[in-house]
Amino acid sequence: MITCDAAVVRVLGAPMSIERIRVDPPRSGEVMIEMGVAGICGSDRYVIEGHHALEPPSVCGHEGAGTVVEVGPDVTSIAVGDVVVQTFVGPCGECRTCRRGLRTFCPTAMHPSGLMRDGTHRMFDAGDHPVGNYLGLGSFSRFTVSPARHCVVIPPDVPMEIAAIVSCGVSTGVGAAVNVARIRPGDDVLVIGLGGVGAAAVMGAVLAGASRIIVSEVNPAKLELAKVFGATDVIDATSDDVRERVMEFTSGFGVDAVLLAPDRVRPEHYTTGVSCLGPAGIMVHVGGTAAGMDYIPVAPGALVGQQKSIVGTVIGGSDPARDVLRWIDLYSAGRLPLDRLITARYRLDEINRGFDDLIGGRNIRGVVDMRS
């Protein structure tokens, strides 16, 4: 049993409270982690605001890395002292979906109730009342308990903040470009939206060998940063006609891939994106979906006439155990400069300001250093 500070969601839509909680030891198939760094991800924002399922009180955070301090019974793949990345997809490796190589969609995901797989809690507040451990991760606590299969052991010399963002934002953006859009050397690409995931998508396009990488954004400050991540051209979507500019950049041919990566994808993103595609182009829906948007506003003829396609993705179509290590290896080799994504750092007691900055578009990817 350990007591520590954590950011607890008490009321949906309200700031989190920093509280002293108790974390019970790991049980069968689980590990206890001393968290190092946790990422501030847009998905957590929508959970905390009540747009996605959550049962308060609960500790959120699904993008984290730390050091294992205790292992439960039946854990053989992880040892005390290992540095791990948490992943909210912990594929079983045995079901039909996993056997087909679609590990992102393993049906045995953790429940958003905050209960562990045995139906009990590991976190308790000062009054000894249960506190949920969201998705079995609870990255916004200095100590947490996670299922071992949701943890990927990484080299100990990888910077903790790099390890943290790889678990979700990087895997989603880079994976959307490499795994889902399957961008090839020489392709032209349009990325709509330059948050943390969009910036990672730009890096993924660079990694895949894209020739021209165009970024469309409404935030002038983010447009100024686009070329830092590898963009060759930028479009101010508040004043320019995106399609006209794309056609200018591509000599009228259009792009081979469009990655929709705004905070919330809206109907106009679909119509603009499809109109920017060239023959046999693919558009990947990467960001969240705007409230109330329940259909795709694209006429079939806009796809059929030139064999264009639309596909969605969850965390970049990744196999967590494979891709976490793949992106870290590429970072270590100097081919994926992930440190450029981190534009703000916060202490745990500053976490609400971090989310305010995310909402206000004042950072690309913020991280909470749990060690400070």
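What follows is a short tour of selections, each with a note on what is there.

Before clicking, know that this is a predicted model: local features need pLDDT of at least 70 and side-chain atom pairs count only at pLDDT 80 or more, while totals for chains, interfaces and linings use all residues. Residues are numbered from 1 along each chain as its sequence is written, and side-chain values use heavy atoms, with hydrogens and water left out.

**Stop 1: β12 to β13**

Strand β12 (residues 212-217), helix α5 (residues 220-225) and β13 make a right-handed β-α-β unit. Helices here are DSSP runs of H or I with at least four residues, strands are runs of E with at least two, and both are numbered from the N terminus. To check the hand, point the strands away from you: right-handed means that the path from the first strand over the helix to the second runs clockwise. β12 and β13 pair in the parallel sense over four bridges; strands pair if DSSP finds at least two bridges between them. Show Ser-216 and you'll find its bridge partner, Ile-235, in β13.

Which ones are buried? Buried means under 20% relative accessible area, exposed over 50%, and partly exposed in between (1.4 Å probe, protein chains only). In a regular strand the side chains alternate between the two faces of the sheet.

Step back to Thr-232, in the loop between α5 and β13. Thr-232 counts as partly exposed because its relative accessibility is 32%. Leaving aside neighbours within four places in sequence, Thr-232 is in contact (heavy atoms within 4.5 Å) with Ser-211, Arg-212, Ile-213 and Lys-227. Draw a C-alpha to C-alpha distance from Thr-232 to Ala-65 and it reads 32 Å, across 167 residues of sequence.

**Stop 2: β7, β8 and β4**

Select β7 (residues 123-124) and β8 (residues 130-133). The two run antiparallel, joined by two bridges, and Met-123 stands opposite Val-131. They form a hairpin with five residues between them, and Asp-128 in the turn has a positive phi of about 65 degrees. On to β4 (58-59), which pairs with β8 in the parallel sense over two bridges; Val-59 has Asn-133 as its bridge partner. Pro-57 sits in the loop between α1 (42-48) and β4, and a cis peptide bond joins Pro-56 and Pro-57, with omega about -5 degrees.

**Stop 3: two positive phi values**

Go to Ser-251, in the loop between α6 (242-249) and β14 (255-260). Its phi is near 55 degrees, positive in a residue other than glycine, and Ser-251 counts as exposed because its relative accessibility is 61%. Ile-315 lies in the loop between β18 and α9 and has a positive phi of about 40 degrees although it is not a glycine. At 6% relative accessibility, Ile-315 counts as buried.

**Stop 4: β16**

Finish with Gly-278, in strand β16 (residues 277-285). Is Gly-278 buried or exposed? It counts as buried, because its relative accessibility is 5%. Not counting residues up to four places away in sequence, Gly-278 touches Phe-253, Gly-254, Val-255, Gln-306 and Lys-308.
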